[in-house]
Structures are given as structure tokens and as C-alpha cells.
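Dear colleague,

Please find below the structure that I am handing over to you.

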Amino acid sequence: MNKITSFALLILVSSLVLGGITHTAQAETDPSILLKIAKQAQRQLENQMNKDVSDKTKQLFKEGTQEIRNLEESIKNNDVDSAKTQFLSVMRIFKEISQQLSNVKSTQPEMVALKAPTKDPSIDLKRMQDYANNLKIIAKKYSTSIDFSELDNLFVSARKQISDKQFDDAIETIGKIKQITVDLNNKIREYASQQEQSRAKAYAQTYLEQLDRLIENAKSQGLSENIIEKLETAKENLSSTTDPQEIIKQIREIISIKEQFELTKNDRLESRVMQIEKTLLNLSNSDKISKSKIDEAKKTIQIIKRNLATGEFEKANELLRSLAALLNMTQN
């Protein structure tokens with residue numbers, strides 16, 4: 001599975017396969033939801049199994065049960081990454097068991113008897129409606145242009161068929177709904193992948209704008225070549241990758257280096273400088289402030305940057321406060 005796929009989508013896929021709908025937004029932040037899903041799947045399979053199942057199926061069920069124990073332990077230890085990995089392992093095992101049970105049922109001889117009346121599929125339809133609603137929430141989150149009108153029309157048709165006691169037709173319609181939701185889910189994953197890449201690049205660019213000055217500060221503070229080399233390597237790695245997971249990894253490395261060698265003293269000041277530079281850029285395109293004052297503010301920013309480079313943080317901070325106050329008065 002693609003690393004940059006939203007985890008909420010994985011939860012949706014798992015819930016569709018196993019027949020249970022989950023709160024995907026909660027599952028992204030609360031790993032205990034994963035445990036709840038896994039145990040629900042465990043109970044469903046346990047109810048379907050009997051003493052005649054194969055030893056292979058029994059062994060797979062034991063493995064799945066052990067993975068649930070591992071999942072519980074990871075959640076207790078707040079190890080979210082391991083919890084997600086174990087959850088997906090449980091889902092794969094239980095899916096294989098489900099397929100084995102289905103194969104066993106399909107090979108059993110059919111009994112010669114009157115056809116039992118088709119059951120009302122209202123519960124299945126409600127489950128699919130909940131699933132479709134979750135897809136719509138995620139589609140809105142990623143600002144997709146996906147059209148759900150065909151799916152909505154099928155839900156209307158299925159509800160009418162159930163109301164008219166046409167259960168066989170309703171089941172067929174629900175089958176179409178399931179296929180369409182799978183297709184829409186794939187489209188949303190593509191949107192999510194593209195947007196996560198864009199956000200990751202913007203996030204990386206923010207750090208790249210600060211790294212040059214950070215490296216200069218490290219040099220001016222007389223830090224070792226080893227530290228400076230680590231920062232330059234991190235910058236090179238960050239600028240050359242488009243993988244969101246790798247970008248996050250490199251940014252964490254940069255933060256770790258800064259914390260380890262006390263390079264965070266001017267981080268807040270650097271952020272304020274960048275914010276003021278953006279404010280000046282916006283003001284330069286308006287008539288709220290004269291060009292001479294903008295030029296004067298830019299000169300002050302250059303002085304602030306030199307102070308930061310030489311470690312004179314108090315002077316830089318004082319100038320920043322004065323400049324920020326001036327710009328606030330201009331905008332009000």
C-alpha cells in the first residue's frame with residue numbers, strides 16, 4: 001500500500017471487507033478505535049466458525065488473536081505506528097479466514113428444498129449508506145470534485161425496492177452501490193495522495209527558507225564542522241525528496257540537530273522575520289504605506305538578520321518588536 005495513502009482510507013477499506021462501519025476521523029487520532037474494529041471482526045469470525053473447520057483455519061485464527069494482543073500492548077505503550085501495522089496484519093489474517101470459510105460453504109452439497117424467502121436487506125443498505133457518508137466527508141476534506149449523484153440515486157432506488165418488498169432487486173442494487181463505493185474510494189485515495197504531496201512540499205519549503213540562515217548561525221557560533229555538515233546534508237536531502245514520509249523524517253532530523261546543539265534560540269525570531277517579510281510584500285501592493293517606509297522597513301529587516309547571524313538576539317528582538325508595532329499601526 002502506498003506510504004502516503006491516508007490511514008483513514010485504509011480503515012474504510014477494512015470496514016467494507018469485514019462488514020463493520022467505523023468512525024474514520026477518530027481512528028486517525030485514537031488507536032483504540034483500531035482495537036475495537038479488530039475485536040469486532042474477531043467476534044464475527046468466531047460466530048461463523050465451528051468444530052469442522054480445518055486446522056489451517058484454526059491456526060490462522062490463533063495468529064489473528066495473538067496479533068490483537070500485540071495491538072493491545074502497542075496501544076498501552078502509545079506506539080501508534082506499531083498499532084497501525086498490527087491492525088492491518090489482523091485484517092489480512094481475518095480476511096483470509098473469511099475467504100476460507102466462504103470456500104467451505106460453496107463446496108458443500110446443496111440441499112433439495114424450497115427456496116427460502118429473501119431476507120430484508122435494510123441493514124446492509126444502512127451499512128452502505130453510513131460508508132458512503134464517510135466517503136463524502138473524506139472527499140470534502142480533500143476538496144475533491146467527485147460526483148456522488150449516481151450513488152445517491154442508487155440509494156433512492158434500493159430504498160424504494162425494499163419498501164415494495166422487492167428484496168432480490170434491492171440486493172442487486174446494493175451490489176452496484178458496493179462496486180461504485182470501491183471506485184470512488186480509489187479516486188479519493190488519488191486526490192489524497194496528490195494533496196499530501198503538495199502539503200509536504202510546502203512544509204519542506206518553509207524549513208528550506210530557514211536552513212541557510214541556520215547554517216550561517218551555526219558557523220558564527222563556532223560549532224564544529226560535523227554539526228554544520230549534518231545540517232547541510234539534511235538540507236540537501238530535504239530539497240531532493242518529494243515523498244511526504246521522507247520529508248517528515250528529514251525535518252525531524254533537523255529539529256533533533258537544533259535541539260541537540262542549542263540552535264533553537266533564534267528559531268522564534270526567524271519565524272517572526274519571515275512573517276514580517278510576508279506582511280511587507282502584501283503592503284507593497286497596497287496604498288496603506290508609502291514606498292519610503294517600506295524601504296526603511298526592509299533595511300531594518302536586513303539589520304535584524306545580521307544581528308541573528310552574529311548571535312545578538314536581544315538587539316534583533318528589540319528591532320522586531322518596533323517594526324511589528326509600526327506595521328500593525330499601518331494596517332489598522
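D130 is partly exposed, with a relative accessible area of 28%, whereas K126 counts as exposed at 53% (buried means under 20% relative accessible area, exposed over 50%, partly exposed in between, with a 1.4 Å probe and protein chains only). The model is predicted: local features need pLDDT of at least 70, side-chain atom pairs count only at pLDDT 80 or more, and totals for chains, interfaces and linings use all residues. Residues are numbered from 1 along each chain as its sequence is written, and side-chain values use heavy atoms, with hydrogens and water left out.

K126 and D130 form a salt bridge, their closest N and O atoms lying 3.2 Å apart (a salt bridge is a side-chain nitrogen of Lys or Arg within 4 Å of a carboxyl oxygen of Asp or Glu). Both residues belong to helix α6 (residues 122–141), and because they are 4 residues apart, about one helical turn separates them. Helices are DSSP runs of H or I with at least four residues, numbered from the N terminus.

A second pair is D152 and K136, with an N to O distance of 2.8 Å. This pair links distant parts of the chain, since D152 sits in helix α7 (residues 149–163) and K136 in helix α6, 16 residues apart. D152 is partly exposed at 28%, and K136 is partly exposed at 28%. Salt bridges with shared partners also join D124, R127 and K178 into one network.

E72 and K39 form a further salt bridge at 2.9 Å. E72 lies in helix α4 (residues 55–76) and K39 in helix α3 (residues 32–48), so the pair ties together parts 33 residues apart in sequence. The count comes to 6 salt bridges.

Conventions:
Helix = DSSP H or I, 4+ residues; strand = E, 2+ residues; numbered from the N terminus.
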